[in-house]
Amino acid sequence: MEDLFRRVSIRKFEPREVEDAKIREILRASMQAPSAGNQQPWEFYVVKNKEMLGNLAKASPYAGPVANAPVAIVTAYREKCLMPEYAQIDLSICMENMWIETDALGLGGVWLGIAPLEDRMTYVEKTVGIPEGQRAFGIFALGYPAQTRTQQDRFDESRIHVVE
């Protein structure tokens, strides 16, 4: 649980590769996420190609950190699944697991939102070559952190409402 309280957005990375074994563990953690009806609609595109990372950095005004990341994981969901109306929620949970495991492995990362903005989704799909029937959801840039930050305490008791 301590990773929940330590995890922060890391946007600057050391110029060193992330080991394939660590990427695999991050993907394993992602796929452990619960999903509506256990539909598991996710697909993952691991991008290490510098030119493609540079192109993904243009997907949104906030995607710049991708250009200097040694790796990015693009998440997508299958349109044909048991409950497509919940696919984006499923992917959100999946990406949170990705982030927590990244931190647990001593890496840093940042989740860059793509969905539900159609122009960004289409751009990422074309850039990565995501096939028809799948929709781009998010980009997770990761690597060894070149910055340190502390997580703020976000607990706010005023937002808790007990309904009896």
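Me: Which loop holds Pro 116?
Reply: This is a predicted model, where local features need pLDDT of at least 70, side-chain atom pairs count only at pLDDT 80 or more, and totals for chains, interfaces and linings use all residues. Residues are numbered from 1 along each chain as its sequence is written, and side-chain values use heavy atoms, with hydrogens and water left out. Helices (H or I, at least four residues) and strands (E, at least two) are DSSP runs, numbered from the N terminus. Pro 116 sits in the loop between S3 and helix H5 (118-128).

Me: Is Asn 38 buried or exposed?
Reply: Asn 38 lies in the loop between helix H2 (20-31) and strand S1 (42-47). Its phi is positive, near 55 degrees, and Asn 38 is not a glycine. Buried means under 20% relative accessible area, exposed over 50%, and partly exposed in between (1.4 Å probe, protein chains only). Because its relative accessibility is 54%, Asn 38 counts as exposed.

Me: What is the phi of Gln 40?
Reply: Gln 40 is found in the loop between H2 and S1. With a relative accessible area of 33%, Gln 40 is partly exposed. Gln 40 is not a glycine, yet its phi is positive, about 45 degrees.

Me: Which element gives the most to the lining of the largest pocket?
Reply: A pocket is an open set of points on a 1 Å grid over the protein atoms alone, where a 1.4 Å probe fits, with protein on both sides within 12 Å along at least five of seven lines; lining residues have an atom within 4 Å of a point. The largest pocket has a volume of about 190 Å³, a volume being the space filled by probe spheres set on the points, which are joined across faces, edges and corners. Helix H4 (87-104) and strand S3 (108-113) each supply at least two lining residues. The top contributor, with three residues, is H4.

Me: Which residues are closest to the centre of the largest pocket?
Reply: The lining has 14 residues. The closest to the centre are Val 8, Ile 10, Asp 103, Leu 107 and Pro 145.

Me: How many salt bridges does the structure hold?
Reply: A salt bridge is a side-chain nitrogen of Lys or Arg within 4 Å of a carboxyl oxygen of Asp or Glu. One of them joins Glu 14 and Arg 16 at 3.4 Å, N to O. Glu 118, Glu 125 and Arg 135 are linked in a network of salt bridges. The structure's total is seven.

Me: Which residue forms a salt bridge with Arg 159?
Reply: Arg 159 is exposed, because its relative accessible area is 67%. The closest N and O atoms of the bridge are 3.4 Å apart. The partner of Arg 159 is Asp 156.

Me: How far apart in space are Gln 147 and Val 124?
Reply: Gln 147 is found in the segment after strand S4 (134-143). Gln 147 and Val 124 are 23 residues apart in sequence. C-alpha to C-alpha, their separation in space is 27 Å.
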